[in-house]
Amino acid sequence: MSATLEEGRYIWKDGEFVAWQDARIHVMSTAVQFGSSVFEGIRCYETAEGPAIFRLDAHLRRLEDSARTYRMELSWSRDQLREACLDVVRRNELSSCYLRPMVLRGYGAAGLNPMPSPVEVWIPGFPWGAYLGEEALAKGVDVCVSSWQRAHPNTYPILAKSAGHYNASQLIKMEAVLNGFSEGIALGPGGLVSEGSGQNLFLIRDGLLITPIIDGTSLSGITRHSVLQIANDMSLEVREQIVPREMLYASEEMFFTGTASEVTPIRSVDHIPIGAGKAGPITLEIQRRFLDIANGRVPDAHGWLTRVA
């Protein structure tokens, strides 16, 4: 997968479509100056019945929650935003894509009080393949524990998906890549495992599926929630708990979850092989079930797909 952005054709902006190259905000907008933006990443999958957006309502609800936390008043209802997302796929004639709804503060405020700046909503849609590469989905990735940690709870509202929070994620990602890894795992301020740079984390030991609790240092991921449901469908024993760093090295299987990452196996941490040093059987079965649902290959028992008619 290319690391550079593949352009779409049109972007939805507050009820109208603008050409991709004409999408502009001022350099002195509050979003540019201070990172005042909340967003979502949503995948649309190609299915035999046409494009279908995965967990659209869950993503839009989280977008609303993030905007509310940052006191950004939305002028658009969830139904209107849902239809806008569908229109982006239709207008760009995309069979599969990545949607990036953004709520941001535009040009107006001069200082740290952002409220004089208008709230704008933008929804781009563009082609995007497997985040860590197709080979990563099959063979897994090598990761490290980052030297950068997540902020203490009540430092930032981490349950809100805000652009500014991702400066820390970029540090984690760059450090990992420059040291020869695909990704990094962040610890929380108490030294316990939190999440990846932009993914939640799952471990498997003795058939038990373990994921760190949502403790104010990590995002409550929608793919994470989907995997918990899939594990329940598989009658797997699941435990949400605190995870000390050393549990990473003692795991038999491990994987990331996220809209971009989907279900990506982890084959080593800090050069220590996880299990057999390759994607494990439980991980691959969860991945298969997840992708079968997302791609419409099996019945959508949980109502996770929104068809783009």
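A pocket is an open set of points, on a 1 Å grid over the protein atoms alone, where a 1.4 Å probe fits and with protein on both sides within 12 Å along at least five of seven lines; lining residues have an atom within 4 Å of a point. The model is predicted: local features need pLDDT of at least 70 and side-chain atom pairs count only at pLDDT 80 or more, while totals for chains, interfaces and linings use all residues. Residues are numbered from 1 along each chain as its sequence is written, and side-chain values use heavy atoms, with hydrogens and water left out.

The space in the second largest pocket amounts to about 320 Å³, taken as the space filled by probe spheres set on the points. Two elements, H2 and helix H6 (222–233), each give two or more residues to its lining; helices are DSSP runs (H or I) of at least four residues, numbered from the N terminus. The most, six residues, come from H2. By class, the lining of this pocket holds four nonpolar, five polar and four charged residues. Here Ala, Val, Leu, Ile, Met, Phe, Trp, Tyr, Cys and Pro count as nonpolar, Asp, Glu, Lys and Arg as charged, and the others, Gly among them, as polar.

Helix H2 (residues 56–69) packs against helix H3 (residues 78–91) at an angle of about 125°, with the axes 10 Å apart. Axes are lines fitted to C-alpha atoms over the stretch in contact, and angles run from 0 to 180 degrees between N-to-C directions. H2 is therefore oblique to H3, as angles under 35 degrees count as roughly parallel, over 145 as roughly antiparallel, 65 to 115 as roughly perpendicular and the rest as oblique. The contact (heavy atoms within 4.5 Å) involves Leu56, Asp57, Leu60, Arg61, Leu63 and Glu64 of H2 and Arg78, Leu81, Arg82 and Cys85 of H3. Five of these residues are nonpolar, none polar and five charged.

H6 and helix H8 (residues 281–294) pack at about 110°, with their axes 10 Å apart, and are therefore roughly perpendicular to each other. Thr223, Ser226, Val227, Ile230 and Asp233 of H6 meet Ile286, Arg289, Phe290 and Ile293 of H8. This contact has five nonpolar, two polar and two charged residues.
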